[in-house]
Amino acid sequence: MPPTENTPATPTDTGTPAIEFTDVEKSFGPTTVLKNLNFTVAPGERVTLIGPSGSGKTTILRLVMTLEELTGGYIFVDGQPLTFEERDGKRVELPKKRTREMTTRIGMVFQQFNLFPNMTVLENIIEAPVHVLGKSKADATKEAKELLERVGLADKAGAHPTRLSGGQQQRVAIARALAMNPEILLLDEVTSALDPELVGDVLEVLRDIAETTDITMLLVTHEMQFARDVSHRVMMFDGGQVLEEGPPDQIFNNPQHERTRKFLSSVL
Amino acid sequence: MNDNISTLLNFLPQLWEGVQTTIILTVLGSIGAVLIALILGLTMTSPSAWLRIPARIIVEFFRGTSLLVQLFWLFYVLPLLGADLDPMACGIGALALNYGAYSAEVVRSSIKTVAPGQWEAAIALSLSPTRRMIRVIFPQAWALMIPSIATLLIQLLKGTAVVSFITLSDLTDKVGQLRQSTGDTMFAFSIGLLIYFVLAWLLQEFMNFLERRATAALGRRRSNSRTDRRDARRAARSDAARAKGGTL
Amino acid sequence: MIWNWEFAAEALPILLRGFVNTLIATVVGTVIAAILGLILAVAIRGLPRWINWLVRLIVAFIRNTPLVVQLLFVYFGFSDIPGLVDIPALVVGFIVIGIHYSTYMSESYRAGIDAVPPGQFEAATALSLPPVRTFTAIVLPQALRATIPSLGNYAVAMFKDTPFLFAISVVELVTAAKEFGGSTFAYTEAFTLAGIIFLAASYPTSLLIQRLDRRLATY
């Protein structure tokens, strides 16, 4: 269900949510970052998380990517448990292998790109499709080249990541994530580490993906105009809780909470 | 002086035998040390305490007891326990265990030094733990660890000089013989020191070559310039010193 | 396991007597290495290029050749020179170990000095401090602070290298163990105890240095 341009309508899919947080709790030692967090993201929905630093937005993405250990509650992807499930009233951890099968549906793009410096651009992209999904090298290469074309870096397949600019590296990282055909894409402040003049290209690529695919997206960004353009829903976080949420127009033009207003005036 | 030279010339074949023994000890000892370092070092990064703690104990044990104690233990005590190793095996074994334990710490800390983002990206791509280590983490850690390993292997080369204590006729032993036949200590030992110096230089060059290859594979600027290499060596030495003396 | 407690009890005092020499060699060696290392690191700054180069060559030579051979070289070499008083083996031992490790320590000092931020020099210049005062009051204290843990690590490394004094028949711990083993064939007890003593002395020291390192790292 491709959303219409510029005025994304919230997908009306009432089936199984793509992502579901149930009573999620996350603490780092004595510090509790998230507590009793409940929300769902519908398939194909694009949700932007905003809020002051330390409000737990990035932690949410990292929990979905299994980069942080869930200290309480459950996360479901396509209705299936991701890391923990309830069995006989007890909370039990899933086998690592099962979790890894689940994460093949999830892709992530990082603030710091995190390309593998010991591999060329092409090798970075085909590594997981070949060795995780079991695709043939030829197929994976063909798809990788198409993706590179799409992010405007067709000529960089053989280059080393360290030779690329930050913006180029980030576009390769996006291609690498897309090569896994993810159902869910997590974007963690993907433009924050870039020089201002390189931000545009990366956002352009992401806009294109948003418009032409129905990948569920969860993004944390400081690019408010971009958030407004691509997301169906904006969630304002504060102190590990959802302070308010709604369509971008509502949140940006008519926030209900004083804190949201304050936050927005500080970033806009 | 002329007498010395002619004695030396006559002694050359024997000296060469000693050099060969030293080279064999160094090469096989180094291979053993690197293998031990990889096994113990990787085990020490394991999330399971059941693997990590025994590996840590082995490492601390072989770092904490001196090389010579280990050598003598293998040579004098093992036969009493019913295991007779020939002196060469004792020498290689002690060198590999001692310097392998030091290097294991280098391997562990290099793996831990690889940027967390690299681990995270590998997890995000759902790579299996084995694949993650082999394809992503280890190649980067390898480039980091070579300078420190090089320093330790040079120390291993220097350490081979103790095998003459367990009847092996290595370079040091042959130099002792040369001293007796020339009666000139300074002359004989200067020759010996010079040969060790050349061997150490060759070893260092070989390790530099490995390092250049490893960093080139990461697409970094080749650390070719002399100052780069000097800085790297300096940093490596302080790392190795930390590995040698310190724990963690 | 072949283990005789009687032999062990008999060996222990002998080993501990040897251990005294081990400690003397380590402590005096460390003092020599610490002082000479600092001289090597500081004094050659400002000397003519060729002397600098020569010192570096000698340092590299000492560092890349075996301690055992250096011990033999000095011990027998000097006893060859007629008219020279006999220097006790232990003295030769700690001098040679001290010189050997001074080449390592000088690198630590140099790295420590290089790590002092340029802003410190600039601030000292801005205060019109004379260069000597800048160096002794500003640069050196900061450099030494950063260097102390690595000096400690070298001291431990030196401690573990003292058995090499076996080569010049200094009766330190391991030599004592070997002699005891040679006369009683109780090698198992002798060398095992020697190993335990080494471990018991070096491991806690290393832990201490590690804690010191962390303490000093946080200003």
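Predicted model: local features only at pLDDT ≥ 70, side-chain atom pairs only at ≥ 80, totals over all residues.
User: Which chains have the most contacts between them?
Analyst: Chain A and chain C do not touch. Their nearest C-alpha atoms are 21 Å apart. There are 2 pairs of chains that touch, and the one with the most contacts is chains B and C.

User: Which helix of chain B gives the most residues to the side that touches chain C?
Analyst: In this interface, 39 residues of chain B are in contact with 43 residues of chain C. Two or more residues on the chain B side come from each of helix 2, helix 3, helix 6, helix 7, helix 8 and helix 9. With 8 residues, the one that gives the most is helix 8.

User: How many residues on the side of chain B that touches chain C are nonpolar?
Analyst: The side holds 10 polar and 7 charged residues. The nonpolar residues number 22.

User: How many helices and strands are in chain B, and what percentage of its residues are buried?
Analyst: Along the sequence, the pattern is α-α-α-α-α-α-α-α-α. That is 9 helices and 0 strands. Of the 248 residues in chain B, the buried share is 51%.

User: In chain B, what share of the contacts with a separation of 6 or more joins residues 24 or more positions apart?
Analyst: Take the contacts in chain B with a separation of 6 or more. Residues 24 or more positions apart account for 75%.

User: Which residues of chain A does UniProt list for "domain: ABC transporter"?
Analyst: The span is 37% helix and 28% strand. Its end C-alpha atoms lie 26 Å apart. The UniProt entry, which is unreviewed, lists residues 19–264.

Definitions and conventions:
Residues numbered from 1 in each chain as written. Chains lettered and ligands numbered in written order. Contact = placed C-beta atoms within 7 Å. Helix = DSSP H or I, 4+ residues; strand = E, 2+ residues; numbered from the N terminus. Nonpolar A, V, L, I, M, F, W, Y, C, P; charged D, E, K, R; others polar. UniProt positions renumbered as here; feature names shortened; annotations may be inferred. Buried ≥ 20, exposed ≤ 12 C-beta atoms within 10 Å, placed from the backbone.
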